[in-house]
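Dear colleague,

I am handing over the structure below, and I would be glad if you could read the notes that follow with it open beside you. They go through a few places in turn.

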Amino acid sequence: MTAQPENRSAPIVLVPGFWLGAWAWDEVAELLRNDGHEVTALTLPGMDSDAGDRSSITFADHVNAIADAVRAADEPVVLVVHSATGYSGYAASDKLPDRIAAMVYVDTGPGIGAMDADATEDKALPPPEELAENENLSGLSEEQLATFRERAVSVPVGVLREGMELTNDARKDIPSTMICTAYSVEEYKDAAQDNHDWLGGVSELRNLEWVELPTSHWPMWSRPKDLAQIIGDLARRYVTAAVR
């Protein structure tokens, strides 16, 4: 076993939120790779296209896809989840906590339960006016929003209405960072105290830190350099395997 190089880092797995595929991380992934990091960006099952029958796709399929990407790495990873994949990412951490060096929640948190147990149809990207009313779009260009709308894929209903029982207490000890973008750290903490399901795991995490990055709900587009810097620094902090 030899000493670790100064710039060595844990592998990074990037998971996008609702309506997105791996493409959403392109700029951040490029910045990280140019800085020497090993990066995998995921397109979750059913999120490559609206075409075809996606009725059989479940929440468990998304959890398993994340778990498979984590297992594929040669050493424990920094798992970065955005928006609604706080649910599936947290469930994946329950399956294999020993393979996750750290969790990073990008404008999201460790969700518990089903996202929408009463859902009856796939969830499409809302019309522009509704999206602007319900989400922080600060710093996003018209070109970025147009690309988002052009490439957005509806979320399969099975992903929305199902959850997963969490049973592995070791997930609570995974070092975790919540990057708060659309809302402040204090607003996040207040929301967690109000017992919102999408922040259901916050109170049980035993190694949690908060980072504030004021911008849109999609910081991979509005502040990609800053987001890549935060993720890259965490990957270097939490590298766990020695060079052979």
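This is a predicted model: local features need pLDDT of at least 70, side-chain atom pairs count only at pLDDT 80 or more; totals for chains, interfaces and linings use all residues.

Residues are numbered from 1 along each chain as its sequence is written, and side-chain values use heavy atoms, with hydrogens and water left out.

With a relative accessibility of 45%, Glu 38 counts as partly exposed, since buried means under 20% relative accessible area, exposed means over 50%, and partly exposed lies in between (1.4 Å probe, protein chains only). If its neighbours within four places in sequence are left aside, Glu 38 is in contact with Pro 11 and Ile 12, contact meaning heavy atoms within 4.5 Å. From Glu 38 to Gly 163 there are 125 residues in sequence and 30 Å in space, C-alpha to C-alpha.

The sheet comes next. Its six strands form an open sheet with parallel pairing, in the order β2-β1-β3-β4-β5-β6, and two strands are taken to pair if DSSP finds at least two bridges between them. Because β2 and β6 (208-212) stand at the edges with a single partner strand each, one side of each is left without a neighbour in the sheet. Neighbouring strands of this sheet are turned against each other by 20 degrees on average, direction ignored; axes are lines fitted to C-alpha atoms, for helices over the stretch in contact, and angles run from 0 to 180 degrees between N-to-C directions.

Within the sheet, β3 (residues 77-82) and β4 (residues 100-106) run parallel and are joined by six bridges, and Val 81 stands opposite Tyr 105 in β4. Helix α2 (residues 59-72) packs on the sheet and touches β1 (12-15), β3 and β4, its direction making about 155 degrees with that of β3. Helix α3 (residues 85-95) also packs on the sheet, touching β1, β3 and β4, and its direction makes about 165 degrees with that of β4.

How many aromatic pairs are there? The count comes to seven, where rings of Phe, Tyr and Trp (its six-membered ring) pair if their centres lie within 6.5 Å, and planes under 30 degrees apart count as stacked, over 60 as edge-to-face and the rest as tilted. Trp 19 and Phe 148 form a tilted pair, at 6.3 Å centre to centre with 50 degrees between the planes. Since Trp 19 lies in the loop between β1 and α1 and Phe 148 in helix α5 (residues 142-151), this pair ties together parts that are 129 residues apart in sequence. Trp 19 is buried at a relative accessible area of 5%, and Phe 148 is buried at 1%. Trp 218 and Trp 221, by their planes 10 degrees apart and centres at 6.4 Å, form a stacked pair. Phe 18, Trp 19, Trp 23, Phe 148, Trp 218 and Trp 221 form one aromatic cluster.

Finally, Ser 222 is found in helix α8 (residues 219-222) and is buried, with a relative accessible area of 15%.

With kind regards

Key. Helices (H or I, at least four residues) and strands (E, at least two) are DSSP runs, numbered from the N terminus.
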